[in-house]
Amino acid sequence: MQVKTQAEDLQDYLTDASNMAGGTADTLFIPENAEEVADILRKANEEGASVTVSGARTGTVGGAVPFGGIVVSLERINKIVGIDPETRSAVVEPGVILADLQKAADNAGLFYPPDPTEWSCQIGGTIATNASGARSFKYGSTRDYVRRLRVVLADGDRVELSRGDFVSNGNGALVIETASGRTVKTTVPTYQRPVVRKNVSGYFNDPPLDAVDLFVGSEGTLGVIVEAELDLLPKPEGFFGGIVFFKSESNLLTAIAEIRALARSGTPSLDPTLLEFFDGRSLQLISEKFPETPSDAGCALFFEQETTSRNEEVLLEKCNEVLERNGADLDVSWFTNTDQDRERMRAFRHALPVAVNERIVRYGQRKVGTDMAVPDDRFPGFLRFYHDILGSSGLDHVIFGHIGDNHLHANMLPKNDDEAERARHIYGRCVAQAIMLGGTVSAEHGIGKLKRKYLAAMMGERYLNEMIELKAAFDPNFILGRGNLFESPNK
């Protein structure tokens, strides 16, 4: 195990992709196995030292930014322990890079669906944040693929959590037995979760609550994941995809509504893995890198549909029928069923956040981006709200993202400090609107430290206190992820 205390050695571990300022730490630990993690936490707990768990630091909400105490980096606990084609499962350590797991699964003829934008993230981080990404429309989030977890608790004790082992009872009581033989008893929070397709705001609590589901998405506040067993799927046989341009956003929305209905119908029909939206401003920005983008397009839809040799022709015909009926400009749209062109289309999608980051750097500011999702029937109105409030703001902005899940990112790109202040004010109004519509303040990026006040607004004091009481059962000294999700009693 490496232990570092020099400022120059700690510098890279004091921030994450959020660029949250002010990170500080006394010591960096880089353990190489679960036993060393347990030793670190045991001593930290005895001393009441704050512990920030660090992975690839690709998170955007400041969850990996320490404010005092120690940092525990899991980068060297990074083995793919095994992939079993018979059980379609993978056993991995937390430091495994997502792209490496996906490649190993592919080599075994299998498929790991969670697909967050940043493929250099670590598996432990994706579990801690319940990461999802573009393919969530069909495949859901990381939680849906976690079979088993090995977790080190705040006092160094360990728990083995397999699905079905520890489940809450009808009164909401959850009891977990640790490796040392003691029990952790807690009560599941009673808040109603928003009826949305994606939500990573606060502890998961759907009854009956399996302990595995509680730890997934807990943002490093309940324990440190040191091993996971994950479900894999058979590798898809084939696919076709496209970037479809529309002159009218209303036509794109009716196309999405029809595709959703077909996907839910249970019949052999369209069932896309992803549905991604780009507004006209997004297309203008992308055209700087992809000049072949039609200059008169009002918006675009990026989709992928898995196929087999038996259904490919029928699905192609159905897709063309739906798009044509809903006013897509098929003459200028792009379609493919080859891996090379597929990567080109994915590059088109990823060109937007790259272009956004390049522009905001040029402005010398930070982008302000939303991460809210709302119920199906509220989405058209929420999109209109985005257009109205951003259109009248005078701010440079783009709207894009996971339209299949009613989850779009409105990125505001302020040019100066005054515009940055205005963007933050608009962000707050977007949060309030999403809450009013029964939505969530964070659909995929989590809460971390940056969104604590928005989680509090969404939950209210009673339910926030229920979350704090649950954390106290696992981490009574509040050493883990201090400041993530909520202000800890012990600051």
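Student: What makes the charged end of Arg-57 count as sitting over the ring of Tyr-13?

Tutor: The rule asks for NZ of Lys or CZ of Arg within 6 Å of the ring centre and within 35 degrees of the ring normal. The charged end of Arg-57 is 4.3 Å from the centre of the Tyr-13 ring and sits over that ring. The model is predicted, so local features need pLDDT of at least 70 and side-chain atom pairs pLDDT 80 or more, while totals for chains, interfaces and linings use all residues. Residues are numbered from 1 along each chain as its sequence is written, and side-chain values use heavy atoms, with hydrogens and water left out.

Student: How many aromatic pairs are there?

Tutor: The count is 14, where rings of Phe, Tyr and Trp (its six-membered ring) pair if their centres lie within 6.5 Å; planes under 30 degrees apart are stacked, over 60 edge-to-face, and the rest tilted.

Student: Why do Phe-111 and Tyr-139 get the class they do?

Tutor: Their ring centres are 5.4 Å apart and their planes stand at 75°, so the pair is edge-to-face. Phe-111 belongs to strand β7 and Tyr-139 to helix α5, 28 residues apart (DSSP runs numbered from the N terminus: helices are H or I, at least four residues; strands are E, at least two).

Student: How do you know whether Phe-111 is buried or exposed?

Tutor: Buried means under 20% relative accessible area, exposed over 50%, and partly exposed in between (1.4 Å probe, protein chains only). Phe-111 has 12%, so Phe-111 is buried. Tyr-139, at 11%, is buried too.

Student: What makes the contact of Arg-158 and Glu-35 a salt bridge?

Tutor: A salt bridge needs a side-chain nitrogen of Lys or Arg within 4 Å of a carboxyl oxygen of Asp or Glu. Here the N to O distance is 3.4 Å, and the contact is a salt bridge. Arg-158 is in strand β9 and Glu-35 in helix α2, so the bridge joins parts 123 residues apart. Arg-158, at 26%, is partly exposed, and so is Glu-35, at 42%.

Student: What about Glu-227 and Arg-148?

Tutor: Their closest N and O atoms are 3.1 Å apart, and they form a salt bridge. Both residues are buried.
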